[in-house]
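Morning, everyone. I have one structure to walk through today. Let me put it up.

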Amino acid sequence: MRARRGRQPAEDAPRVIVVGAGFAGLSAVRELDRAGARVLLIDRNVYSTFQPLLYQVATGGLNPGDVAYPVRAFAGKRAARFRLGELDRIDPAARTITLTDGAVLDYDYLILGTGVSAAYYGITGAAEHTLGLYTRRDASALRDHIMARLERLDIEGPGKTVNFTVVGGGATGVEVAGALAELKDALGAPFPEVDKADVHIRLVEMAPTLLAPFHPSLQSYAYDQLRRRGVEVLLSTKISEIDGNRVLLADGTELPSDVTVWAAGISGPEAVRRWGLPTGRGGRILTGPDLRVTGQDRIFAVGDIALTEDEPLPQLAQPAIQTGRFAAKQIEAAMTGRPAGTFHYHDKGIMATIGRRSAVAAASSWATTRRPRCRAARPSRSPAPGPGRLRFPGPNPFPSNCPATVPPDRPAAPRS
Ligand SMILES: Cc1cc2nc3c(=O)[nH]c(=O)nc-3n(C[C@H](O)[C@H](O)[C@H](O)COP(=O)(O)OP(=O)(O)OC[C@H]3O[C@@H](n4cnc5c(N)ncnc54)[C@H](O)[C@@H]3O)c2cc1C
């Protein structure tokens, strides 16, 4: 194990609890290591998940371990401790948190970086009958369902079909549909008896375009690329109900669906309600410009779960990394008596891949369509990129040629 980088914290240094070992939490811990705080990192999993590549796990391009990094190992390289646990309650007056296992822990400062989960917008059956893609467990479950359905098609023989429906035409939906199309394209070798024409992939989006935050030319490009790969793309199409083997549209049309993937929206998880903190749109925790939770002096919210009232940020990796680092710097400022600052987001652009041969990317001053050069998005037959190769969980978790950040013209748009 590498030696710790930061100085060892003094025994009377402030105790900082960071909840959530995602992009935001890890970025905060890295900065706090430099500041000399006593840091306790808490996550409900023993690993941190690289969400942007979950769709590759779901479609067999990567293995689950390739998108997970052990949190204890990360903490061990910084002057931080790790505690497995799930945040249950917060008592700001007593400066304590309670975990679901009953442990009560004291803090001087608290950073919340717990991410978001799926939002189903009240659609009947969506929560029960769709598979999401937010955790490593989700991706493994989806992969098992996809592969099991293909195996059944192989057993059932000609005349049978399998239908995959992806709900949501944001970056995640486009990436999943593109990866499924690629999987279908490569079926010949593992399933020589299966006729590819019996595998149907459909993407359903309520809005009139795919990839809402992107330039219209990129939206059209993504649409054309998916169609060319055999994906049926239904735009301006509202779903009213979902069950185990079909999707019912608002106009009454019934579409057969053996596996339905939910990539349509995100919101703050139910648990946030128990924390007694102010929330805004999408159940996200409201913060001021210095990322302190509104009305709280010692609690910060960062990453996807945070909603800065004056500058709502998209729910992407770069905002998470930058807010995590900034909140840690605010604690460092408080430790040394310096005044609080104002968070400003540095836009580095966005990208969505459509299978291994195409991608759309945009930054504030340019937009492009091209073959993705992002090594992390390699096809299944290449050696799986391990965390090291992905530079995960480094300060920029994406390979340098793989921008993955912010919509320039729709800064508040969620990624779905
Ligand atoms: C499928 C998918 C693809 C994506 N692709 C891209 C992309 O290409 N580019 C991009 O920029 N962004 C992408 N994103 C978005 C990006 O991954 C998120 O914006 C980013 O992960 C947010 O980081 P975070 O630290 O706020 O939360 P997360 O990364 O979600 O981390 C939250 C952590 O908190 C832990 N946690 C949650 N609740 C509790 C609790 N109560 N107690 C203890 N621990 C808890 C979780 O286990 C998790 O480790 C994608 C997201 C998904 C789901």
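Start with helix H6. At 1.5 Å a residue, the 15 residues of H6 should span 21 Å, and the end C-alpha atoms are 21 Å apart, which agrees. The expected span here is 1.5 Å times one less than the number of residues. Helices are DSSP runs of H or I with at least four residues, strands are E runs of at least two, and both are numbered from the N terminus.

A word on the source. This is a predicted model: local features need pLDDT of at least 70, side-chain atom pairs count only at pLDDT 80 or more, and totals for chains, interfaces and linings use all residues. Residues are numbered from 1 along each chain as its sequence is written.

Back to H6. Is H6 largely enclosed, or largely open? Of its 15 residues, 13 are buried, so H6 is largely enclosed by the rest of the structure. Buried means 20 or more other C-beta atoms within 10 Å of the residue's own, with C-beta atoms placed from the backbone.

Next, the core. The largest nonpolar core has 117 residues. Such a core is a set of buried Ala, Val, Leu, Ile, Met, Phe, Trp, Tyr and Cys residues joined through C-beta atoms within 7 Å. Leu-41, Ala-222 and Val-360 touch the most other members. H6, residues 171–185, gives the largest share, 8 residues. Domain 1 (15–116 + 268–335) and domain 2 (126–262) both contribute, so the core lies between them. Those bounds come from an automatic or database domain assignment.

Take Leu-41. Leaving aside neighbours within four places in sequence, its contacts include Val-18, Val-29, Val-71 and Phe-82. Contact means C-beta atoms, placed from the backbone, within 7 Å.

Now the sheet. Four strands form an open, parallel sheet in the order S13-S12-S11-S17. Two strands pair if DSSP finds at least two bridges between them. Neighbouring strands are turned by 20 degrees against each other on average, direction ignored. Helix H5 (136–156) packs on the sheet, touching S11 and S17, at about 160 degrees to S17. Helix H7 (216–228) lies across S12 and S13, at about 140 degrees to S13. Axes are lines fitted to C-alpha atoms, for helices over the stretch in contact, and angles run from 0 to 180 degrees between N-to-C directions.

Last, a hairpin. S14 and S15 form it, with 2 residues between them. They pair antiparallel over 4 bridges. Asp-243 has Arg-246 in S15 as its bridge partner.

How values were computed:
A residue is buried if 20 or more other C-beta atoms lie within 10 Å of its own, exposed if 12 or fewer, and partly exposed in between; C-beta atoms are placed from the backbone. Two residues are in contact if their C-beta atoms, placed from the backbone, lie within 7 Å.
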